[in-house]
Amino acid sequence: MKKILSILIFASVLLVSLSAQTGSEIMQKVIDAQKVNSSAMDILMTLVEKDGDTSTRRIQTLILKENDLTKTITLFLEPASVRNTRFLTVENEGRADDQWIFLPSLRKVKRIAAGDKDGSFMGSDFSYSDMGSSGSSVDDSIQTILREEKYNDHNCFVVESIPNAGTDNNYGKYVTWVDKTYWLTLKVEFYSKAGRTQIKELNSENIGKENGHWLAKKIIMETLDSGHKTILEIKQVKYDIPLNPGYFTTTFLETGRAK
Amino acid sequence: MKKLSVLLILILISGLLFGQDGFGDIFDSEELDESQKNVVLNGEIGLDYRSYLDDSWESERIFLPFTNLNLLFLADSLPVEAKIGLIIEGNDLDTILTVGDIVSELSLRSFFSFGYLDLGLFKTEWGKGDGIHVIDPLNPLDQSNGVSSDINEMKRSEIMAKMNFYLGDSGLFEIVYNPYFHPVETAPPGDRWNIVVPAYTVQDNNNTETLAFSQAAARLTTTLGIFDLGGMYYYGYMTEPGFKLIFPGPVLDVIYTKAQLFGLEAGWALGSFTFRTEGGYWFTEDRESTEAQLYNDRAVWLVGFDFMIPGTSFFVSVQEFGSYVVNFDNSNPMDMDLGMSYNDNAVTNTKIAAVESSFYQDKMKIRVAGLYLFEANGYMVFPTYTWNIEDDLELSLSGQAFGGDNEGSNLYYAWRDNDNITLELKYIF
C-alpha cells in the first residue's frame, strides 16, 4: 500500500531493474522523471466484475521524503465499511518499514507487520506488493531488453524482467513497455511464478503533465483468469508541495489532526 | 420522551458544529465527496435472527432489528469534535428506554497546541493486546447478553475526563478521571446468560455513582525503534464484586475491593509477525489475605502474536492471558479468591486463537476464533462466515459454542446450554 505514487512507475522500478548499461540508463531516466520530495494524491479505484458490475474505493495519500526515506499516510474514504481508516508507513534505513493502522471502530492505533504482500489491496486486482516499491533492489532481477516497438502510438522499450531465485516476489516474470519520450510505464504483463502463464495485465492511459511531472492518470489492472478489472484514476495530484510532518505520525493516526 | 430529548441534542449540536474530513487543506474542495462533509453520519442498520440449539431452555428465537448510529461533528476551523453513538435494538422497543440504554457514546474532543481533551461518555482501550487486555481497567465488561467476538463491544461506556498530552511525534501521556464506578455487569438469576445463582439474597448498598467511588489513571506510550512501549497506573476498584455473608438473614453484602494497578505493555513487528505483550500487578487493600470478602493482590499477563501464513490469505492470531493470586488462601471456603478460582488453583491461564481468510476479492470472509481456559477446561468457539453482497450490504452467519467443567464460577460451563447460531443482514452507511 505504501508509496502510491510509485504505482505509476512501480513496474519499471521494481521489475525493470536493468543491469545492462542501456537498460540502467533507461531506468534511471524513468526514476529521475518521477523523483519528488513530496506528493499528494486523491485516488478513485473502481472494481469491475466480469459481468460489468462495479464498486468504488476512494483513498487519499500523502508522501514525504526526509533524508531519502519515505513516509506515507493513506486515508480511506470509501466504502463506508473502511471510512476514516488511516494507515501510516515509515521507511527505515537498514530495517523493515514501520506500519501502523488506525481503525475508527476501535479508535485505536495498532502496529502491524508487513506480511501480507500477496493479499489483495482493498479487494482490487492490485496486491499489496503491486502497490509498494520498497524492499526491491535493481539487483533483484535479471532484465533483458526484448525489442523496441510502438504501443498505443508511443515509442517504447519492451523489457523482460525475471526475479532472481530466492528473492521474495509474487511473480515469475514481467514484461514492461516503457515510453521513450516521457519515461513512463505504459503496459506490464505479469506472469506466474513458473514464468510461463500470464496472470495479470496493467495498462496506463490519460498521460498528462502535472506540476512538471508526466504521469498516467488512469491505470487499469486486469486479472486474466477471472476477468476482474481494477481501474485506478488519479483525481488530483500535487507534487513537491509543503506537507506538515505532523501528518506522518501516530498522533495523526489517532486524532486525524496534524499538530 | 427521552428518545426525543436525544434527537433534540443531536439536532442542536449539528447546527453548532461544522468541519471537514479528509485532507481538505491539501485537495481542492470541489473534488471533496460525501465522505468529507463536516457532519459525518455513519453506522449500521439491519436484522439478526438468533436460534439457541439446546432444548433444556424454553424455546427462544429472536428476530431483532438493530441500528448502530455514529454521528461525528468535525471542524477544521474549530479545535473541537463531537461524537454521538446510538445503539437501538428491537427488543428495547417494547420497554421504556432510558438515555443510558441507547447512547453508547456522547463525547467532546477539544484540541490544544499541547494535546487534546476527551470529555463525556465513551470507551477507551489500553494495552497492546488484540482485543483482549489485562491492563485496561477503565470500562467494565457487560456480560449480561453473553459474549461477543469483539470484546470492545462488550465494554460499558463510562463518563470520563481524559487529557492527552503530546510527547514528540509518537508519544502520548494520558491522565484520566472517572467520577463514577461500575462493576462488571452480569445477567440476573433466571436469565440464560446468568453465571452463578447465589445461595443467599444479594444486597448491594453501595451507591457507586458518587464521587466516593471516583477513579484516576495515567498512561504513557511511545515508540522506540521497532517497539511501541507503554506504562500505566490506575487507582480505583476491582470490577469483580466481593461478597460478605451477613447475619441475620443471612444475606450476601456486596463489597468492592480498592486497588491500584501498575502495568506495562509492548508491541513490535519482526518479519511477518506482530508481537503483543502486557503485564501488570494489582495492589489491593487485602494484600495480606486477611479479609475473605476482598480480593488479594494479583499479577496479570498477556502474550501473543499474529501473522499472515506466507503465500496464503490466512491470518492467524494467538494470545494467552492469565493471572496469579498472591497469598492465595485455599483453607477458607468464604474467601473470594478461592470462590473465583478453578480447582482451587491460584493461577488461571486462557488461550485465544483465531484464523481468518478472505476470498473472491475480499467479498467473502471466514473466521474461526476459539478460547480455552486451562484450569477448568472451559471453551468457547466462534465460527463466522461473512458475505459482502455489496460494499455496503453484509450477510453473516455465525455461531457460538460453550462448555467446560462444573467448577467455581466457570462461565463457559454456566453457558453450556447457550450454543447458538445467528444470521445477520446489515446495511453499512
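Predicted model: local features only at pLDDT ≥ 70, side-chain atom pairs only at ≥ 80, totals over all residues.
Local features need pLDDT of at least 70, side-chain atom pairs count only at pLDDT 80 or more, and totals for chains, interfaces and linings use all residues. Residues are numbered from 1 along each chain as its sequence is written, chains are lettered from A and ligands numbered from 1 in the order in which they are written, and side-chain values use heavy atoms, with hydrogens and water left out.

## The two chains

Chain A has four helices and 13 strands. Chain B has five helices and 21 strands. Both element types are DSSP runs numbered from the N terminus: helices are H or I with at least four residues, strands are E with at least two.

The table sets out the totals by chain. Buried means under 20% relative accessible area, exposed over 50%, and partly exposed in between (1.4 Å probe, protein chains only). Accessible areas come from the Shrake-Rupley method with a 1.4 Å probe; for residues, only the protein chains shown count as cover.

| Chain | Residues | Counted as buried | Accessible surface | Share from carbon and sulfur |
|---|---|---|---|---|
| chain A | 259 residues | 58% of residues | about 10,400 Å² | 46% of surface |
| chain B | 429 residues | 47% of residues | about 20,400 Å² | 60% of surface |

Contact means heavy atoms within 4.5 Å. Take the contacts with a separation of 6 or more. In chain A, residues 24 or more positions apart account for 47% of them. In chain B, residues 24 or more positions apart account for 58% of them.

## The interface

The size of an interface is often given as the accessible area lost when the parts come together. Here the area buried between chain B and chain A is about 4,500 Å². Buried area is the accessible area (1.4 Å probe) that two parts lose on being put together, summed over both. Carbon and sulfur atoms give 47% of the area buried between the chains. On the chain B side, B:F23, B:F27 and B:Q361 lose the most area to chain A. Together they make up 17% of what that side buries. By contact, 61 residues of chain B meet 53 residues of chain A.

How many salt bridges does the rule find across the interface of chain B and chain A? It finds six. The rule asks for a side-chain nitrogen of Lys or Arg within 4 Å of a carboxyl oxygen of Asp or Glu. A:R57 forms a salt bridge with B:D391, and the closest N and O atoms are 2.6 Å apart.

Polar contacts between chain B and chain A come to 15 residue pairs, both residues at pLDDT 80 or more. Such a contact is a pair of N or O atoms within 3.5 Å; within protein, one must be able to donate a hydrogen and the other to accept it, and residues adjacent in sequence count only if both atoms are side-chain atoms.

Seven strands of chain B each give two or more residues to the side that touches chain A: β1 (39-52), β3 (80-89), β4 (103-112), β5 (115-122), β10 (227-237), β13 (258-270) and β14 (273-284). β4(B) gives the most, with four residues. By class, this side of chain B has 22 nonpolar, 19 polar and 20 charged residues. Ala, Val, Leu, Ile, Met, Phe, Trp, Tyr, Cys and Pro count as nonpolar, Asp, Glu, Lys and Arg as charged, and the others, Gly among them, as polar.

B:N152 sits in helix α3 (residues 151-154) of chain B. It counts as buried because its relative accessibility is 12%. Leaving out residues up to four places away in sequence, B:N152 touches A:L106, B:K123 and B:E125.

B:T386 belongs to strand β19 (residues 378-390) of chain B. Its relative accessibility is 11%, so B:T386 counts as buried. With residues up to four places away in sequence left out, B:T386 touches B:K363, B:M364, B:K365, B:E394, B:L395 and B:S396.

## Backbone features

A cis peptide bond joins A:E78 and A:P79, with omega about 5°. A:P79 lies in the loop between β3 (69-78) and β4 (85-90) of chain A. The bond from B:F247 to B:P248 is cis, with omega near 0°. B:P248 lies in the loop between β11 (242-246) and β12 (251-255) of chain B.

B:S289 is not glycine, yet its phi is positive, near 60°. This residue is in the loop between β14 and β15 (298-308) of chain B. B:S289 is buried, with a relative accessible area of 14%.

B:D362 also has a positive phi, near 65°, in a residue other than glycine. It is found in the loop between β17 (347-359) and β18 (364-373) of chain B. Is B:D362 buried or partly exposed? B:D362 is partly exposed, because its relative accessible area is 32%.
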